[in-house]
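This note sets out some points on the aromatic residues of the entry under review. Please read them alongside the sequence and coordinates.

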Amino acid sequence: MTVEYLKRGKSEADRVEDDAKTAAIVATTLKDIEARGDKAVHELSVKFDNYDRQTYRLSQDEIDNLIAKVSPRDLEDIKFAQEQVVKFAQAQRDSMLDIEVETMPGVILGHKNIPVQSVGCYVPGGKFPMVASAHMSVATAKVAGVPRIIACTPPFNGEPNPAVIAAMHLGGAHEIYVLGGIQAVGAMAIGTETIDPVHLLVGPGNAFVAEAKRQLFGRVGIDLFAGPTETMVIADETVDAELCATDLLGQAEHGYNSPAVLVTNSRKLAEETLSEIERILVILPTADTAGVSWRDYGEVILCETYEEMLAVANDIASEHVQVMTDRDDWFLENMTCYGALFLGARTNVANGDKVIGTNHTLPTKKAGRYTGGLWVGKYLKTHSYQKVTTDEAAAKIGAYGSRLCLLEGFVGHAEQCNLRVRRYGGQNVAYGKAAE
């Protein structure tokens, strides 16, 4: 394999050092929220968001007044996007069936898909008010049938963002709080005097939000471990540098540490994309952010073959993978590690982020090796059940169970089985001995 890096990003060691600093801050903050509840949340909100309220939950009148500020066109667009997300989520939900099967006469096994009973949805609002994140988390939870959905978002320019609040409300949130950062995630997971804790946390966020979710995992469920937005473009000579550069920078503008990677088997395309990125950064209004991400985390990787491109892409396991080649479906068939695929030059990550219907909360930092992204199934717990309905089945299963329990040395376990063998099978099994 011959792989050449025409441009490299920061080393993994640099990223780990940054993560350690964030982890220490988050741990201290979460302890403070647990100890002091609403008081700590209030102080953090004033300190970091300069937002001071008696209660951070919006009343229905406040929600209605904020929605009234959204233009009819914007409201229509929000509803359209939610409709697409709901359609796809409902199709996914419909594919998840409860089952019941009789595996042998008198032995019935099954499972039920039960919604998580409460979820906290975080909708970021730092540099950009992430309206679409409300569709992805809140509306999908509603499709799953979650009975209590609460949503938090930070103030934007000192006030709740009307479009974000509209999206939360239309998506089905039962409680809406104007809270950001660690204080929002901590309050939802730990609970305070005025906020009941939830069972599951979902939604993207900055490094502090992601780390807070990581540290809270176990106490509550989370959708996935998430880091900065990542994008990869896999391209060959069937597309041009403008497409590649535009799609790379379109995601690099998320933050100062958003990896953007071009994987190609065309040196001409690689070099032209590098030049095109420099041209676009001169005119891109968000170049102050995108340019830093590209400088520190952008990469251009030149391969010889499509098989090498595939291997590199699977190793990186990027959050967003845009494939623009003469064999897009081949990559669909063979890619195994990624967040979401965007196939063909007509497709782009921005549509996936905002409107097309698939969920945009996706695995980062190589987590695509072991998990997919947020979807309706994340809000559902698959619980099994069993029942034995005949004496014959109770005795037969009990005898096998008795012997297998004693094989492992579990006498008490064996007696659970033996008792059924005696009662329903008529065998006189000695206490603590294996059934025949």
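1. Three aromatic pairs are present in the structure, which is a predicted model. In one of them, the ring centres of Phe217 and Phe225 are 5.6 Å apart and the planes stand at 85°, so the pair is classed as edge-to-face; the angle cut-off for this class is over 60 degrees.

2. Another pair is formed by Trp330 and Phe331, also edge-to-face, with 5.0 Å from centre to centre and 85° between the planes. Trp330 is partly exposed, because its relative accessibility is 25%. Phe331 has a relative accessibility of 0% and therefore counts as buried.

3. Together with Tyr370, Phe217 and Phe225 make a nonpolar surface patch of about 350 Å².

4. Tyr370 is located in the loop between α14 (349-354) and β14 (380-388). Its relative accessibility is 58%, so Tyr370 counts as exposed; the cut-off for that class is over 50%.

5. Charged side chains also lie over aromatic rings. The charged end of Lys7 sits over the ring of Trp294, at 5.0 Å from the ring centre. Arg327 lies over the face of Tyr306, 3.6 Å from the centre of that ring.

Definitions and conventions:
Residues are numbered from 1 along each chain as its sequence is written. This is a predicted model: local features need pLDDT of at least 70, side-chain atom pairs count only at pLDDT 80 or more; totals for chains, interfaces and linings use all residues. Side-chain values use heavy atoms; hydrogens and water are left out. Rings of Phe, Tyr and Trp (its six-membered ring) pair if their centres lie within 6.5 Å; planes under 30 degrees apart count as stacked, over 60 as edge-to-face and the rest as tilted. Buried means under 20% relative accessible area, exposed over 50%, partly exposed in between (1.4 Å probe, protein chains only). A charge sits over a ring if NZ of Lys or CZ of Arg is within 6 Å of the ring centre and within 35 degrees of the ring normal. Patches are made of residues with over 30% relative accessible area and no salt bridge: like charges are joined within 9 Å, nonpolar side chains (Val, Leu, Ile, Met, Phe, Trp, Tyr) within 5 Å. Accessible areas come from the Shrake-Rupley method with a 1.4 Å probe; for residues, only the protein chains shown count as cover. A salt bridge is a side-chain nitrogen of Lys or Arg within 4 Å of a carboxyl oxygen of Asp or Glu. Helices (H or I, at least four residues) and strands (E, at least two) are DSSP runs, numbered from the N terminus.
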